[in-house]
Amino acid sequence: APAPKTVGVRVWPRAIPQFNLGHLDQLETAKGALAQAGWDNLLLGGNYVSGVALGKCVEYGYEFAADIAKRVSTTKVAA
């Protein structure tokens, strides 16, 4: 196949930033390392996890809250 041609590039300097390549892999590595160290209930949260767009932040907020609620309801408290 012939090499692809660039027909135009438009840069939006004030656009929503995108994750760098490999960001999600690094995030999963960090989560795995926390779990392996026995820190299962230390959760990573923020726009670096889901994205900075408002919709993604709201969506992730609901997912994060559900995860916390599930963990709290299944965690045994020492007497």
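Select R71 and D67: the two form a salt bridge, with the closest N and O atoms 3.1 Å apart (a salt bridge is a side-chain nitrogen of Lys or Arg within 4 Å of a carboxyl oxygen of Asp or Glu). This is a predicted model, in which local features need pLDDT of at least 70, side-chain atom pairs count only at pLDDT 80 or more, and totals for chains, interfaces and linings use all residues. Residues are numbered from 1 along each chain as its sequence is written, and side-chain values use heavy atoms, with hydrogens and water left out.

R71 and D67 lie four residues apart in helix 3, so about one helical turn separates them (helices are DSSP runs of H or I, at least four residues, numbered from the N terminus). R71 is partly exposed, at 26% relative accessible area (partly exposed lies between buried, under 20%, and exposed, over 50%, with a 1.4 Å probe and protein chains only).

Stay in helix 3 and select K56 and E59, three residues apart. Their side chains meet in a salt bridge of 3.6 Å, N to O.

Next, go to helix 1 for E28 and K31, three residues apart. Their salt bridge has its closest N and O atoms at 3.8 Å. The whole structure holds three salt bridges.

Finally, show the 13 residues that line the largest pocket; K31, L42, L43, L44 and R71 lie nearest its centre. Helix 1 (23-36) and helix 3 (54-74) each supply at least two lining residues. A pocket is an open set of points on a 1 Å grid over the protein atoms alone where a 1.4 Å probe fits, with protein on both sides within 12 Å along at least five of seven lines; lining residues have an atom within 4 Å of a point.
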